[in-house]
Amino acid sequence: LQPASQPATRLLAACLLSSTATPYFVAPNPAMTPTALPRPIAAAHIMIFPEGDDKASDTPIKNWGHIRFDAVDLLLIHGFTSSKSGDFIVGDRLEARLKWVIDTAKGKNPNIKIFAQQNYGEDKLPLLAEKNLFQRYAASVVPVLEKWGLHGYDLDYELEGGQVIPGVVQLLADIHGHCAGKYLVSISPAEYTGLFDPHSANLDKHPLQNHVDLVNLQTYSGGLMRPNDLAAWLRVFPPHKVLVGAWPESSGLRGDQANAWSVDQIEEVYENARDTRGKLAGIHLWRLNSDVLVWENAAQVMFYNYLHGGTGGKKNTNCTPEQIKAAWYQDHNSVHKGWQST
């Protein structure tokens with residue numbers, strides 16, 4: 001791709017993240033019920049747990065004000081965990097930060113759907129299973145969703161060292177039963193270990209189909225290095241329930257790392273991973289708020305435009321897809337430096 005007419009840093013700061021620039025994206029989806037997400041879905045994750053030098057978990061990060069919630073159909077908030085007693089809860093001292101994210105996302109995009117995502121970790125699900133607390137945990141999900149005005153639950157499923165946790169399928173069944181059609185249940189798996197055997201017969205009748213509404217497949221990072229083949233998941237779920245994952249936090253999206261697909265590869269997978277049952281549900285992005293959030297939000301806008309097609313009459317001549325991609329492929333450090341100076 002040829003460089004954009006403007007420097008990449010100015011393009012990203014002024015075109016993609018400025019509150020005054022005319023956004024280049026399709027208008028948000030029409031209103032929908034909590035149990036009906038239209039296809040395709042432009043999904044994205046946001047992590048609100050403290051990390052690095054971020055010690056004040058009770059306040060939002062200043063730069064988060066530039067996050068493009070308006071280009072997100074489904075937001076998964078990575079900020080929930082389980083208590084020692086087995087309850088599904090908001091992470092420690094994260095209530096104020098969670099409220100800010102929910103209020104801001106809904107303010108920028110009234111039609112956005114938001115899921116509470118259970119944090120992964122070997123000290124979470126295995127401990128609940130060991131103490132026979134799965135039923136208590138499942139029953140505690142809906143009250144949290146109701147309290148915070150959310151639309152669904154997501155399980156970030158990542159195991160350590162091939163560890164198998166018994167009863168996860170039943171756990172998802174119990175959570176789905178409590179949601180009773182009022183809320184959606186999804187999983188964001190880095191592997192299928194402990195969920196299903198890809199070599200089994202009749203996978204198209206696997207009980208997971210009845211307990212999981214969406215699969216946000218981690219086709220990046222550990223999800224490409226563990227058992228997590230897209231074709232295997234499509235033997236269990238119809239394409240319209242599966243989202244392919246993008247990882248702009250890593251420079252792998254430029255195609256120079258082995259553990260993440262490039263932008264073009266992600267779009268190609270989305271287009272080609274179909275059968276007689278139709279296309280994939282969409283693309284989900286991890287995540288919107290790392291230290292390279294300019295890059296991440298540029299990607300989110302790009303994928304949103306790609307999935308929904310066209311500009312919705314909001315085209316900005318300084319924000320064409322070609323210019324976005326040209327800026328996207330510029331050097332990581334210059335883009336990050338440009339963000340810091342705005």
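This is a predicted model: local features need pLDDT of at least 70, side-chain atom pairs count only at pLDDT 80 or more; totals for chains, interfaces and linings use all residues.
1. E7 has a partner in strand E6 (residues 184–189), and the two run in the parallel sense with two bridges between them. Across this pairing, Val-215 of E7 sits opposite Ile-187.

2. Strand E8 (residues 242–246) also pairs with E7, again in the parallel sense, this time over three bridges. Here Leu-217 has Val-244 of E8 as its bridge partner.

3. Now to a loop residue: Ala-273 lies between helix H9 (263–272) and strand E9 (282–285). Is it buried or exposed? Ala-273 counts as buried because its relative accessibility is 12%, under the 20% cut-off.

4. What does Ala-273 touch, leaving aside residues up to four places away in sequence? The list is Leu-230, Leu-234, Pro-239, Gly-278, Lys-279 and Leu-280. For Leu-230, the separation from Ala-273 is 43 residues in sequence, and the C-alpha atoms are 8.5 Å apart.

5. Among contacts with a separation of 6 or more, 83% join residues 24 or more positions apart.

6. Lastly, the surface: the accessible area of the protein is about 14,100 Å², with 51% of that belonging to carbon and sulfur atoms.

Methods:
Residues are numbered from 1 along each chain as its sequence is written. Side-chain values use heavy atoms; hydrogens and water are left out. Contact means heavy atoms within 4.5 Å. Accessible areas come from the Shrake-Rupley method with a 1.4 Å probe; for residues, only the protein chains shown count as cover. Helices (H or I, at least four residues) and strands (E, at least two) are DSSP runs, numbered from the N terminus. Buried means under 20% relative accessible area, exposed over 50%, partly exposed in between (1.4 Å probe, protein chains only). Two strands pair if DSSP finds at least two bridges between them.
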